[in-house]
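Please look at the sequence and the structure together, and keep both in view while reading the report that follows.

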Amino acid sequence: MQTREGPALWEQGCSQGSCSGPAFWNIVVDEILSEQWPLGVYLQAFSDDFVFIITDNTRECLRKLRKFALNKFKDWTDKNKLHVSIEKSSYVLFSKLVIELTIK
């Protein structure tokens, strides 16, 4: 996190239920939520959960938007030393496409 005195880093998270935990989280999350996303990409957060809504009319553009969004999100998590739980991550495809997309 950037402060007037320079970068401030912390290696451990805040205890759940701590008074300052939500404020620290809001400061960190504000950066990714303030990012400019391309048309068709929308990021929403609730507590410590995130959801991308990605829309397009073609499979190829959907793939490109998805890859761009996830790479940008990964850069942000790496920068802030955050970990995404792959086991708790999922996606839902609403489409008339015959072949589903694979997300890695």
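## Phe-73 and its contacts

Leaving out residues up to four places away in sequence, Phe-73 touches Ile-32, Leu-43, Phe-50, Phe-52 and Val-84. The model in which these contacts are found is a predicted one, and this should be kept in mind throughout the report.

## The nonpolar core

Phe-73 is also one of the 11 residues of the largest nonpolar core, whose other members are Val-28, Val-29, Ile-32, Trp-37, Val-41, Leu-43, Phe-52, Leu-65, Ala-69 and Trp-76. At least two residues of this core are supplied by each of H1, E3 and H2, and the largest share, four residues, comes from H2.

## Helix H1

Helix H1 runs over residues 21-33, which makes 13 residues, and its first and last C-alpha atoms are 18 Å apart, close to the 18 Å expected at 1.5 Å a residue. Within H1, the residues Gly-21, Val-28, Val-29 and Ile-32 are buried, and the buried residues of this helix pack against E3, E4 and helix H2, which covers residues 59-79.

Strand E3, residues 41-46, pairs with strand E4, residues 49-54, in the antiparallel sense, and the pairing is made over six bridges.

Most residues other than glycine have a negative phi. Ser-47, although it is not a glycine, has a positive phi of about 55°. With a relative accessible area of 52%, Ser-47 counts as exposed, because the cut-off for that word is over 50%.

The side chain of Thr-77 reaches the backbone oxygen of Lys-74 at 2.9 Å. When neighbours within four places in sequence are left aside, Thr-77 is in contact with Leu-82 and Val-84, and Val-84 is also one of the residues that Phe-73 touches.

Lys-81 has its place in the segment after H2, and this residue has a positive phi of about 55° although it is not a glycine. The relative accessible area of Lys-81 is 55%, so this residue is exposed.

## Salt bridges

How many salt bridges does a search of the whole structure find? The search finds four, and one of them joins Lys-79 to Glu-31, with the closest N and O atoms 2.5 Å apart. Because Lys-79 lies in helix H2 and Glu-31 in helix H1, this pair ties together parts that are 48 residues apart in sequence. Lys-79 is exposed at 56% relative accessibility, whereas Glu-31, at 31%, counts as partly exposed.

Another salt bridge is formed by Lys-72 and Glu-35, and here the closest N and O atoms are 3.0 Å apart. This pair links distant parts of the chain, since Lys-72 is in helix H2 and Glu-35 is in the loop between H1 and E3, 37 residues apart. Glu-35 has a relative accessible area of 31% and is partly exposed. A further salt bridge is that of Arg-63 with Glu-60, where the closest N and O atoms are 3.5 Å apart; both residues lie in helix H2, three residues apart, which is about one turn of the helix. Arg-63 is partly exposed, with a relative accessible area of 33%, and Glu-60 is partly exposed as well, with a relative accessible area of 42%.

Conventions: Residues are numbered from 1 along each chain as its sequence is written. This is a predicted model: local features need pLDDT of at least 70, side-chain atom pairs count only at pLDDT 80 or more; totals for chains, interfaces and linings use all residues. Side-chain values use heavy atoms; hydrogens and water are left out. Two strands pair if DSSP finds at least two bridges between them. The expected span of a helix is 1.5 Å times one less than its number of residues. Buried means under 20% relative accessible area, exposed over 50%, partly exposed in between (1.4 Å probe, protein chains only). Contact means heavy atoms within 4.5 Å. A nonpolar core is a set of buried Ala, Val, Leu, Ile, Met, Phe, Trp, Tyr and Cys residues joined through side-chain atoms within 4.5 Å. A polar contact is a pair of N or O atoms within 3.5 Å; within protein, one must be able to donate a hydrogen and the other to accept it, and residues adjacent in sequence count only if both atoms are side-chain atoms. A salt bridge is a side-chain nitrogen of Lys or Arg within 4 Å of a carboxyl oxygen of Asp or Glu.
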